[in-house]
Amino acid sequence: MVILALALTFGLALVLTALLTPPLIRLSKREGWVAQPGPRHVHRIATPTVGGLAMIAGFAIALLASFAFEQLDPVLQRTSAERMRLGLLLAGLSVVAVVSLIDDLRNLPAGRRLVLHIVAALIAVGPYLWDQTLYPDAMGQATEARGIILTAFNFPFLQQIHLHNLSPWLAIGATVFWIVGMQNMVNWTDGLDGLAGGITLIAGVILALHTLSLEPPQYTVAFLPLALAGACAGFLPFNMHPARTFMGDVGAMSLGYILGVSAIIGGAKLATALLVMGLPLIDMTWLILSRTVRGDSAAHAGRDHLHHRLLDLGLSQRQVVLIYYTLSTVFGAIALLAIPASAKLVALLCLGLIVLSMMLYAMRRSAVQA
C-alpha cells in the first residue's frame, strides 16, 4: 500500500501535467504568451513560454491528493506539523508563481523580483519567525520547529553545525538564502530545451530515494519530491528539443522553490541536493565571479553559461542536455551511497574540476576560433 501510494502520487502529477500542457500551449499561442527568437536565445521560432503553470497545477493537485492516501497505511499518516509545513510550502509557492508569471508577461525589475522571492521564502519559514522554540519529535527529542527551517546540517570534518543554537536568526537567514539560491540556480539552468526540467526530475527522484532510505523511512516526506518529479516527467515530452513550449520563469522559479524546500523539510539533505545540482551550482558561481570581475551585473543575461559554450563547440542541444543529465545522475547516485560526508565533499570537488575543465576548454576553443 505504501509503494502504491508513492507511485500514485508520482503518476498523478505526471498525468495531470501531461494533460494540462497541450491546452496551455494553445492558450499561450492565442494570447501571444510566447518567447520570440533573439541573439541571447537558441530557439528559432516563437514558442509558448508559460508551460510551467501546468507543472505547478500537476504538482499541487498530486500533493493534495496524497492526503487521501493516508488511509491506506498508518505509516502514511502525517503529523500536524507536517500538514502545516505543506500549507506553508503551497502558500509560498503561490507567491512565487504569481510573481514569476507577471515577470514572464511584463518583465518585472530584478530588484523587485528578488524582494518578493525573499518574501516567499519567509512564508515557508512561517511561525518560526516569531516562535523559535524547538518542540519534541516522535522520538521525544526537541528537534521540531514550527515552520520550514534549516536548523542544522552536517559539514565534513566538523561536527553538526546547529544554526538554531548559534542564533535562530542565522537559521532563518540560511533558510532564505538556500531557497532563493535554489530558485535562481534552476532558473539559470533553463537555457536549453529539457535542461531544467530534466535535472529537477533527477533531483526529485534522488531526494525521494534518500528520504526512503533513512531509518526509519520518511514515507510522508517522500510524497513531496515524488510529486515534483512526476510533474517534470509529464512536462518533458513537450519541452525536449525541439520544444513545443517553455516552462518560463513561472516554471523554473517554482521548481527551484519546491526543490529548495524538499531538501530542508524532514531534515536537511543539503549534500544530496548539492551533488545532484552540482553542475548548475558551479556554473552559477563561475558566472557570478566572472561577470563581477568584468564589471557586469551578476544578474545580466548573456550567452556565457556552460551550456551555451558547449553549444558553441558544435555540440547539439540534445548532446549538451545528455551531458548534464549524466553528471547529475552519477553524482546524485553518489549522494545515496552510505559513505562519510567527507567522501561526498571529495565527489563534489571532483565534479567541480570536471566542470571547470569543460569551461576552460570551451573558452579556449572560443578564443582560438575568434
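**Close-up views of a predicted model**

The structure holds five salt bridges, a salt bridge being a side-chain nitrogen of Lys or Arg within 4 Å of a carboxyl oxygen of Asp or Glu. The model is predicted, so local features need pLDDT of at least 70 and side-chain atom pairs count only at pLDDT 80 or more, while totals for chains, interfaces and linings use all residues. Residues are numbered from 1 along each chain as its sequence is written, and side-chain values use heavy atoms, with hydrogens and water left out.

**View 1. Arg 85 and Glu 144 form a salt bridge.** Their closest N and O atoms are 2.4 Å apart. Arg 85 lies in helix H3 (residues 80-106) and Glu 144 in strand S4 (residues 142-145), so the pair ties together parts 59 residues apart in sequence. Helices (H or I, at least four residues) and strands (E, at least two) are DSSP runs, numbered from the N terminus. Arg 85 is buried, with a relative accessible area of 10%, whereas Glu 144 counts as partly exposed at 25%. Buried means under 20% relative accessible area, exposed over 50%, and partly exposed in between (1.4 Å probe, protein chains only).

**View 2. Glu 70, Arg 78 and Arg 83 are linked in a network of salt bridges.** Between Glu 70 and Arg 78, the closest N and O atoms are 3.2 Å apart. Both Glu 70 and Arg 78 are buried.

**View 3. Asp 131 and Arg 146 meet through their side chains in a salt bridge.** The N to O distance is 3.4 Å. Asp 131 counts as buried at 14% relative accessibility, and Arg 146 as partly exposed at 32%.
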